[in-house]
Amino acid sequence: MSKNENLHVIQELSQVIKELDHDRVSWVDKHFVIDLNQKAQVLLESVSRLENEEKEAAIVAAKAFLTEVASVIQELNKQKIGA
């Protein structure tokens with residue numbers, strides 16, 4: 001994986017962590033959003049600190065996570081706009 005790709009994943013994870021703010025959702029959804037935020041933080045730390053094959057595995061996991069969480073972020077942004 002290239003340094004650019006690594007940096008891009010780190011930037012995306014950092015943005016997702018900001019977007020996954022549990023204060024933006026009802027109490028019913030707070031635990032779900034908090035869980036996603038914590039997963040993003042773990043992936044960010046993994047991508048930032050691991051080396052070689054472990055880093056590549058972390059980047060693959062981070063990309064999969066980012067793909068899956070995109071719809072949640074989109075929904076949070078809709079709620080923010082509608083509020």
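On helix α2, the face turned away from the buried side carries the exposed residues His-31, Val-42 and Arg-49. Exposed means over 50% relative accessible area, buried under 20%, and partly exposed in between, with a 1.4 Å probe and protein chains only. Helices here are DSSP runs of H or I, at least four residues, numbered from the N terminus.

This is a predicted model, in which local features need pLDDT of at least 70 and side-chain atom pairs count only at pLDDT 80 or more, while totals for chains, interfaces and linings use all residues. Residues are numbered from 1 along each chain as its sequence is written, and side-chain values use heavy atoms, leaving out hydrogens and water.

Now the other side of α2. Its buried residues are Val-33, Leu-36, Asn-37, Ala-40, Leu-43, Leu-44 and Val-47. They sit on the same side of α2 because they cover an arc of only 125° around the axis, taken from the directions from the helix axis to the C-beta atoms.

Take Asn-37 from that list. Asn-37 counts as buried, at 11% relative accessibility. A polar atom of the Asn-37 side chain lies 3.0 Å from the backbone oxygen of Ile-17. Leaving aside residues up to four places away in sequence, Asn-37 touches Ile-17 and Leu-20, where contact means heavy atoms within 4.5 Å.

Next, helix α3, residues 52–82, which holds Lys-55. Is Lys-55 buried or exposed? Lys-55 is buried, at a relative accessible area of 17%. Beyond four places in sequence, Lys-55 touches Asn-6, Val-47, Ser-48 and Leu-50. Asn-6 is 49 residues from Lys-55 in sequence, yet their C-alpha atoms are 9.0 Å apart.

Notes
Helices (H or I, at least four residues) and strands (E, at least two) are DSSP runs, numbered from the N terminus. A polar contact is a pair of N or O atoms within 3.5 Å; within protein, one must be able to donate a hydrogen and the other to accept it, and residues adjacent in sequence count only if both atoms are side-chain atoms.
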